[in-house]
Amino acid sequence: MCSSKHTLKELTDSFKFFDRNGDGKISKEELGTVVQSLGHKVTDADLDKLMKDVDKNGDGFIDFQEFKDMNTRAMIVECPVDTDVNRNLPQPGSDDSLMSAFNVFDLDKNGFISSEELHSVLVGFGNEKISLDDCRFMIQCVDEDGDHMVSYTEFEALMSGIRSS
């Protein structure tokens with residue numbers, strides 16, 4: 001089972017890394033800086049879409065609650081379900097900003113986020129204290145089909161709060 005104290009600490013640390021100026025909120029510029037520091041090209045339109053999706057109160061920033069909500073919607077671990085390979089592929093009509101966010105973590109572009117990829121990205125975000133075991137734990141919290149990776153479908157479920165039953 002996923003430890004909520006451990007998860008909250010990881011979320012807090014990640015939020016602090018994104019919040020470059022320490023004002024308690026993530027601006028579009030701060031988000032762009034972090035994504036670009038990882039070597040990903042992101043357009044202004046991509047950042048606008050991502051901000052709109054996450055910024056639920058419409059103030060133009062991502063506060064900690066919005067960041068936490070985005071990252072913890074599906075942290076309740078359920079039994080593995082539906083292992084149909086086609087469910088792992090992005091579907092037509094998928095939200096482009098969600099796909100952009102997924103692609104930040106899917107470094108080898110194989111359609112899955114591995115523990116190693118998650119670790120690499122989080123270390124790239126500046127979270128050098130995070131271990132590969134921590135990343136394995138986070139993947140386990142989201143992995144519905146037991147393959148030890150996060151597919152686009154699992155990522156989409158995490159972000160939308162919809163879980164398969």
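1. A search of the whole structure, which is a predicted model, finds four salt bridges. One of them joins the side chains of Lys 28 and Asp 44, with 3.3 Å from N to O. This pair links distant parts of the chain, since Lys 28 belongs to helix α2 (residues 28-37) and Asp 44 to helix α3 (residues 44-54), and the two residues stand 16 apart.

2. Lys 28 also meets Asp 48, and in that salt bridge the distance from N to O is 2.8 Å. Asp 48 lies in helix α3 and Lys 28 in helix α2, so this pair ties together parts of the chain that are 20 residues apart in sequence. Taken together, Lys 28, Asp 44 and Asp 48 are linked in a network of salt bridges.

3. Asp 48, with a relative accessible area of 40%, is partly exposed.

4. Another salt bridge is formed by the side chains of Arg 136 and Glu 116, at 3.9 Å from N to O. Arg 136 lies in helix α7 and Glu 116 in helix α6, so the pair ties together parts that are 20 residues apart in sequence. Both ends count as partly exposed, Arg 136 at 39% relative accessibility and Glu 116 at 45%.

5. Helix α6, which spans residues 115-124, deserves a separate look. Its buried residues are Ser 115, Glu 117, Leu 118, Val 121 and Leu 122. Seen down the axis of α6, these buried residues fall within an arc of 160°, so they line one face of the helix.

6. For a reader who wants the overall layout, the chain holds eight helices and four strands. Read from the N terminus on, the elements follow the order α-β-α-α-β-α-α-β-α-α-β-α. The chain has 165 residues, of which 44% count as buried. Among contacts between residues at least 6 apart in sequence, 59% join residues at least 24 apart. The accessible surface of the chain comes to about 9,000 Å², and 55% of that belongs to carbon and sulfur atoms.

7. Asp 19 is buried yet has no salt bridge, and the nearest side chain of opposite charge, that of Lys 25, is 8.7 Å away. The Asp 19 side chain does reach the backbone nitrogen of Gly 24, at 2.7 Å. Leaving aside residues up to four places away in sequence, Asp 19 touches Gly 24, Lys 25, Ile 26 and Glu 30.

8. Ser 131 is placed in the loop between α6 and α7 (132-142), where its relative accessible area of 28% makes it partly exposed. A polar atom of the Ser 131 side chain lies 3.0 Å from the backbone nitrogen of Asp 134. The C-alpha atoms of Ser 131 and Ser 120 are separated by 10.0 Å, and these two residues are 11 apart along the chain.

9. His 148 is found in the loop between α7 and β4 (150-151) and, at 61% relative accessibility, counts as exposed.

Technical notes. Residues are numbered from 1 along each chain as its sequence is written. This is a predicted model: local features need pLDDT of at least 70, side-chain atom pairs count only at pLDDT 80 or more; totals for chains, interfaces and linings use all residues. Side-chain values use heavy atoms; hydrogens and water are left out. Buried means under 20% relative accessible area, exposed over 50%, partly exposed in between (1.4 Å probe, protein chains only). The arc is that of the directions from the helix axis to the C-beta atoms. Contact means heavy atoms within 4.5 Å. Accessible areas come from the Shrake-Rupley method with a 1.4 Å probe; for residues, only the protein chains shown count as cover. Lys and Arg count as positive and Asp and Glu as negative; His and the chain ends are not counted. A polar contact is a pair of N or O atoms within 3.5 Å; within protein, one must be able to donate a hydrogen and the other to accept it, and residues adjacent in sequence count only if both atoms are side-chain atoms.
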